[in-house]
Amino acid sequence: MPQTLLIIEDNQAETLRLQGLLQSFGMESLIAANGDDALALLQDPATPELAAVILDLVIPGLDGFGLLASRAQWGQHPPVIIHASDRMMDQMDAAIRAGDRKSTRLN
């Protein structure tokens with residue numbers, strides 16, 4: 001059974017690029033274009049087990065920081081890959097702290 005990743009991204013072109021990349025590795029993806037939809041998926045017991053979450057920090061509604069801060073409310077706790085532009089690098093450490101003390105920043 002292929003692994004499933006949740007892509008949380010509001011830019012449709014970027015979402016399609018990430019979907020294509022995951023598909024080329026035989027993975028499936030779920031999509032959420034905003035934090036509120038993402039949280040609903042993460043709390044839904046019917047959501048398949050996620051191998052990871054790819055999270056854009058700047059999304060409509062509940063932003064990436066709020067979503068990470070709500071991690072205790074998620075029904076499952078997959079690793080989170082923060083997907084952000086270079087201009088967001090200053091905020092990466094704050095995002096990591098908001099999400100999980102075991103997280104690591106990769107440059």
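In strand S3 (residues 50–56), Ala52 stands opposite Leu5, and S3 runs parallel to strand S1, to which 5 bridges join it; strands are taken as DSSP runs (E, at least two residues) and helices likewise (H or I, at least four), numbered from the N terminus, and two strands pair if DSSP finds at least two bridges between them. The model is predicted, with local features requiring pLDDT of at least 70 and side-chain atom pairs counting only at pLDDT 80 or more, whereas totals for chains, interfaces and linings use all residues. Residues are numbered from 1 along each chain as its sequence is written, and side-chain values use heavy atoms, with hydrogens and water left out.

S1 also pairs with strand S2 (residues 28–32), in the parallel sense and over 5 bridges, with Leu6 opposite Leu30 and Thr4 opposite Glu28.

Strand S1 (residues 4–8) is largely enclosed by the rest of the structure, because 5 of its 5 residues are buried, that is, under 20% relative accessible area, with exposed over 50% and partly exposed in between (1.4 Å probe, protein chains only). In a regular strand the side chains alternate between the two faces of the sheet; in S1, Thr4, Leu6 and Ile8 point one way and Leu5 and Ile7 the other.
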